[in-house]
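Here is a short briefing on one protein chain. Look through the sequence and the structure first, then read the points below.

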Amino acid sequence: MKKPFLTKAGMLCLAILSLCSSCSKEIIVEGMGKPTSTLEVLTRAGDGEEVSWPVNVYVMNKDGVCVATSAIAEDGEGLEIKLPAGQFDLYAIAGAAADSYTLPTREEATADFEVSLKAGKKHADLMAAHSSITMSDEESNSIVLSLQRKVMKLQSITIRQVPRTATAVSVTIAPLYDHLLLGGSYSTGKSGSHTAALTKQDDGTTWLNTDETFLLEAASGATVKVSMTTPAGTKSYTYACADQLEANYKIKIEGTYTEEQVFELSGTVTGAKWAGEKAIRFNFDESGTETADDENGDDSNNDDNNGNEDNNGSDPNLLAGNAPTVFTVYDKWFILKTEDSGDYILATALSMTETKDLYTSGMTQAELKAAIDAALLTYNAEGPTGWRLPTAAEVTLINDNYTELRVEIRANHKNGVELGDGQYFYQKDGSTIRAFQGQFPNERYERDPDASTILRPVTILKFNK
């Protein structure tokens with residue numbers, strides 16, 4: 001995706017009008033020699049656009065030292081700055097109110113200062129501008145700063161034909177940049193994410209979120225993940241975005257889960273009065289196969305795929321024979337629970353093999369997920385597929401029945417791998433991977449993953465009634 005360029009319709013202006021000093025605040029720079037020149041600023045929006053308020057203005061000298069700062073609170077209010085002769089850089093951050101963002105004082109201000117969002121606050125329609133100017137003695141000068149939007153706007157998310165048994169649906173976008181810098185660029189941190197919880201509608205199958213949310217631009221390699229929780233567990237579908245999710249675009253996400261268990265997720269990005277239009281369409285199915293519209297589909301947490309000799313190649317998770325007993329070993333898996341779905345008996349199966357050394361120091365959640373997804377491919381290679389991290393409820397079930405589970409695994413697993421007293425990855429919610437550790441069965445506690453955390457996945461097996 002090409003970076004948006006300024007046009008007449010897309011430019012927001014801070015215009016300096018030389019005849020507006022009567023409504024301007026006067027700022028005098030001290031400690032730089034006698035100020036003999038005047039820089040007058042009046043904010044104005046062009047072509048129907050609106051400037052975000054307040055507009056925080058910072059003036060820095062050629063050495064990068066901030067010599068003046070002020071905030072323009074509303075349209076029609078001006079700013080007049082007295083400056084000595086010299087070269088200056090003007091930086092403006094619009095939409096960052098002091099009660100929502102950490103803003104620098106004059107002493108703290110640099111181009112690299114992180115304008116960070118305060119805890120519990122949501123991003124506003126952030127804009128930024130930068131321009132250089134040279135002031136001469138006894139000069140009145142005017143300048144136009146072109147504000148560029150630094151956020152995208154998530155307008156709505158709609159997921160249709162969700163199973164009626166679903167108890168939760170969420171959508172996660174990650175990774176996002178952590179902070180906007182005073183100079184208008186983004187910080188190097190890329191650990192940000194946004195998870196939106198959807199609400200079930202009256203028809204019982206449509207889930208919706210219409211909270212308009214401003215988000216910082218997504219870093220490269222961004223993904224959109226949809227998670228659905230049913231009595232069978234949580235399934236997540238992840239799309240690796242082919243194009244950058246950039247600032248100055250409006251985003252709508254619409255998805256449909258079909259009766260054939262083919263998940264189609266389409267996203268439309270529009271830029272009316274923003275940066276133009278762009279449509280992003282991507283489809284998911286349970287085998288991870290991409291459709292013609294999807295060049296970068298990724299399905300790392302599926303439940304049902306193709307190819308199984310027990311049912312003529314249609315579903316590798318549909319197995320022959322009767323459903324197994326809970327807390328026993330069935331073939332190569334430990335059965336944690338069973339339930340009647342109406343059409344099948346669903347059995348939650350814990351793998352009797354494990355994978356170590358997936359976490360390295362400093363990993364972000366997105367990087368950890370990528371490492372786990374890659375490891376899960378080996379579990380999906382043979383037999384049942386759809387292997388995923390246990391949910392919090394499933395890990396608790398393991399702990400509560402640990403003694404019986406451990407006896408069964410010791411008695412049946414030929415390779416000697418058993419469920420020890422270490423720590424194991426689990427999916428705490430739609431966007432957070434945590435570690436569950438305890439000296440079973442006496443106590444348990446949650447913690448951050450580390451190099452010793454082990455992958456022991458689960459999946460859902462099906463049996464005819």
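Residues are numbered from 1 along each chain as its sequence is written, and side-chain values use heavy atoms, with hydrogens and water left out.

**The chain as a whole**

- The chain has 3 helices and 33 strands. Helices (H or I, at least four residues) and strands (E, at least two) are DSSP runs, numbered from the N terminus.
- Of its 465 residues, 51% count as buried. Buried means under 20% relative accessible area, exposed means over 50%, and partly exposed lies in between, using a 1.4 Å probe and protein chains only.
- The chain exposes about 21300 Å², and carbon and sulfur atoms supply 46% of that area. Accessible areas come from the Shrake-Rupley method with a 1.4 Å probe; for residues, only the protein chains shown count as cover.
- Take the contacts with a separation of 6 or more: 65% of them are between residues 24 or more positions apart. A contact means heavy atoms within 4.5 Å.

**Confidence**

- The average pLDDT is 75, and 72% of the residues score at least 70. pLDDT is the predictor's confidence in each residue, from 0 to 100.
- Over residues 1–26 the pLDDT stays under 50, and the model has 74 contacts beyond four places in sequence for them.
- Residues 276–313 also have a pLDDT below 50. This stretch has 128 contacts in the model beyond near neighbours in sequence.
- Where pLDDT is low, the predicted coordinates should not be read in detail.

- Strands of a sheet pair through backbone hydrogen bonds, either parallel or antiparallel. Here, two strands pair if DSSP finds at least two bridges between them.
- Strand E9 (residues 114–117) joins E15 over 2 bridges, in the antiparallel sense. Glu-114 has Leu-181 in E15 as its bridge partner.

**Strand E29 and its partners**

- Strand E29 (residues 344–351) is mostly covered, with 7 of its 8 residues buried.
- Strand E28 (residues 333–340) runs antiparallel to E29, and 7 bridges join them. Phe-334 has Leu-350 in E29 as its bridge partner.
- E28 and E29 form a hairpin with 3 residues between the strands. There, Gly-342 takes a positive phi near 105 degrees.
- E29 also pairs with strand E33 (residues 458–464), in the antiparallel sense over 7 bridges. Tyr-344 stands opposite Asn-464 in E33.

**Helix H1**

- How far apart are the end C-alpha atoms of helix H1 (residues 365–380)? They are 22 Å apart, which agrees with the 22 Å that its 16 residues should span at 1.5 Å a residue. The expected span is 1.5 Å times one less than the number of residues.
- Several H1 residues are buried, including Leu-368, Ala-371, Ile-372, Ala-375 and Tyr-379.
- An α-helix has 3.6 residues a turn, so residues three or four places apart point the same way.

**Charged residues**

- The structure holds 9 salt bridges. A salt bridge is a side-chain nitrogen of Lys or Arg within 4 Å of a carboxyl oxygen of Asp or Glu.
- Arg-456 forms a salt bridge with Glu-354, and their closest N and O atoms are 2.8 Å apart. Arg-456 lies in the loop between strand E32 (445–447) and E33, and Glu-354 in the loop between E29 and H1, so the pair ties together parts 102 residues apart in sequence.
- Arg-456 counts as buried because its relative accessibility is 3%. Glu-354, at 21%, counts as partly exposed.
- Asp-448 forms a salt bridge with Arg-434, the closest N and O atoms being 2.1 Å apart. Asp-448 lies in the loop between E32 and E33, and Arg-434 in strand E31 (residues 433–437).
- Arg-434 is buried, with a relative accessible area of 17%.
- Glu-107 forms a salt bridge with Arg-106, with 3.3 Å between the closest N and O atoms. Glu-107 counts as exposed at 61% relative accessibility, and Arg-106 is partly exposed at 38%.
- Is Glu-246 buried or exposed? Glu-246 counts as buried because its relative accessibility is 3%. Glu-246 lies in the loop between strand E21 (233–240) and strand E22 (250–257).

Note on methods:
This is a predicted model: local features need pLDDT of at least 70, side-chain atom pairs count only at pLDDT 80 or more; totals for chains, interfaces and linings use all residues.
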